[in-house]
Amino acid sequence: MHGPFVSRKPGSSGDALKSLVTSALPQLEIYNSKFTNNYGYWAVGFCGGLFGFDKPYEYPNVSQALQELKDVDLSNRGAHKLSPMVFNERVLPNLSSLNLKGNPLDADSISSLLEVLNSLPSLQILEVDVPGPLGRSASKIAEALRNLAKLNGVDASQILEEDQQYVVNNLKPRLITCSKEEPLVERVLHAMWAYIMTYRLASEEKLDETPIWYVMDELGSALRHNDEPNFMVSPFMYLPDGTLDSAISYTLLWPIQDIYEGEECTRDYLRGIGEDRQRSSRLNAWFHTPREFFDQAYKIHEQRLKGTVQKPLYTAYCPRTSILPNDGPPISVYTDIPHVLEYLKRHEFLLIDKPHKATIIWTGFQVDEVFKEAVGLQAHQYVNQFPFEACLVMKHYLAQTIQQGCGAPNWLPTTYNLESQLPALIGDFNQRAEKGENNFWILKPWNMARTIDTTITESLPAIIRLMETGPKICQKYIETPALFQGRKFDLRYIVLLRSIQPLEIFLSDVFWARLANHRYTLEESSLSDYETHFTVMNYRGKMNHIDTHVFVSDFEKEHRVSWLEIHSRVRVMLRSIFEAAPALYPKMHCPKARAIYGVDVMLDNSFQPKLLEVTYCPDCTRACKYDVQNFENGELIKGNEFFNDVFGCLFLNESHHVSPL
């Protein structure tokens, strides 16, 4: 007996009936539209349109009939194997297109399945679940099937060239879900990441313009994604009088393939982005992608961090001495830093305006080889920056330095470089979501200050789409920070680096708290409120300064803690940071380098320090403007003496108002 048999009893009783029927009818090939374990020529011919109720079997040899087949759709037939009796060169010599999606094919090994498919000489188009019965990688499947032209609708050559793990045609789109209770604004904010587009504007005056996000009209927003699109879109700006103030923005849409009436118009959401830039992972912004790949990436990332032990820093002892010659002239200093020009008043130093004649070059810009050659600097001159200090002052390199040198210390928030660690981040995000844990993250550009292009979000599509505005790190947001009178704060410490070999680092007695203006909350509507979640008010908002000794005293009273204990933990953290860098990058050593760094620290609600960032040539306005009372001994430190103390420590080997780390 051949043909379909329909059961009307679902569930366990239906399973029992199926077992009874298939046992009684050993030649049955299709049951409830699914292949039985005995399927063969007839079932494949039925799915290929050769047989049916209106097409009775008329061939003397059923296997001979299958030779006509060129296209067979076996999707969702529940097949557990590919029978070599059917799938071979003799029976299916002309089969060029085969759809196997939705079939477990778990009775055969991957190698056996690939061997069977390779035996079909005309097979060029294959649809199959990836990851699935043929493996987890689309590129490996395409490589194994030598004659394949298309896999899941994408050219096999493209899959191989871009080393694609999976292709979008096989993925389910992320559908917008929201509750009736959710405010309309929040629903829009959730949904917008599937539609919005972006571009950046840069001018000679402002090279760090924030990105501009926009939504296309109904037509543009209706364009769906395709790895092989037939249209392309691009923003276009018309400047009637040549200035940005007169700009009129458009989006251009044009075909890149021949289009026929009734054909869907599509575009590539990730145009120009290949696997070298994590294309498969970035598709998570629009589609549900297989979790196994990302879970594995996260597992490997965690194992690597846990296996890292901080490397000890061995340095030869070579005591520093003052660079001021005995009974000689003062040390000449060239600087473009306004506060140094205003406050460096010690008689041992002389400010001059000719960099090539100065003993010390103290600038806010990079002293590279181009600058040295342009102004005629020499090797004997001191500069306020160390070689390879990018490992500290660029956010992605700082995280890399800590992770490679220290592993995952509790003072470094979980951090991912989105340009290289996106799969691990997605795995981490998914696991936190599965456990119902807090999933707030903060995205920071690699090398921008003043919180430019910095975003807080709990949306994975948002995280991925924000990569389009420039390279960033993604860091676990500190959801439960220590608060000061209900508001967030962070601390700016000043670290003085006098030498790498030996390591001589000092902590200034001068530090200060920076306060948010609004009371802290994690309500979603607050995430875009700068004055709730950020503390740097020098450039926007209203800055509320509080004297350090007042802050410390009030904080101790509010939380009943000892600031000295907190300060001790901060010192240990700072020492670890500045030990890790030269241990990994010994070429940081330079006898003609001296520098100060701003280190921003936050406390969690257990009063443990958390590293935020390290800043080169930090803004020391508050250090110079306000007098500070040392919280340990009560000594008054005059603000106008700050740079006198800094230069005294770095160049005269003094230790006024600093302490060694």
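**View 1. Strand E24 is covered on both of its faces.** On one side sit Lys 472, Cys 474 and Lys 476, on the other Ile 473 and Gln 475, and all of them are buried. This is a predicted model, by the way. Put another way, 5 of the 5 residues in E24 (residues 472-476) are buried.

**View 2. E24 pairs with strands E21 and E22.** E21 (residues 415-417) runs antiparallel to E24, and 3 bridges join them. Look for Tyr 416, which stands opposite Cys 474. E22 (residues 441-445) also pairs with E24 in the antiparallel sense, this time over 5 bridges. Here Lys 444 is the residue opposite Ile 473.

**View 3. Helices H14 and H19 pack against each other.** The angle is about 85°, and the axes lie 9 Å apart. That makes H14 roughly perpendicular to H19. H14 brings Leu 398, Thr 401, Ile 402, Gln 404, Gly 405 and Cys 406 to the contact, while H19 brings Ser 576, Ile 577, Ala 580, Ala 581 and Leu 584. Sort these residues and you get 7 nonpolar, 4 polar and no charged.

**View 4. The largest nonpolar core has 80 residues.** Trp 362 and Phe 647 have the most contacts inside this core. Helix H19 (residues 563-584) turns up again, giving the most to the core with 9 residues. Leaving out residues up to four places away in sequence, Phe 647 touches Val 333, Val 340, Leu 344, Phe 349, Ile 360, Trp 362 and Leu 652. There is also a second, separate core of 45 residues, including Val 72, Val 91, Leu 92 and Leu 95.

Key: Residues are numbered from 1 along each chain as its sequence is written. This is a predicted model: local features need pLDDT of at least 70, side-chain atom pairs count only at pLDDT 80 or more; totals for chains, interfaces and linings use all residues. Side-chain values use heavy atoms; hydrogens and water are left out. A nonpolar core is a set of buried Ala, Val, Leu, Ile, Met, Phe, Trp, Tyr and Cys residues joined through side-chain atoms within 4.5 Å. Buried means under 20% relative accessible area, exposed over 50%, partly exposed in between (1.4 Å probe, protein chains only). Helices (H or I, at least four residues) and strands (E, at least two) are DSSP runs, numbered from the N terminus. Contact means heavy atoms within 4.5 Å. Axes are lines fitted to C-alpha atoms, for helices over the stretch in contact, and angles run from 0 to 180 degrees between N-to-C directions. Angles under 35 degrees count as roughly parallel, over 145 as roughly antiparallel, 65 to 115 as roughly perpendicular and the rest as oblique. Ala, Val, Leu, Ile, Met, Phe, Trp, Tyr, Cys and Pro count as nonpolar, Asp, Glu, Lys and Arg as charged, and the others, Gly among them, as polar. Two strands pair if DSSP finds at least two bridges between them.
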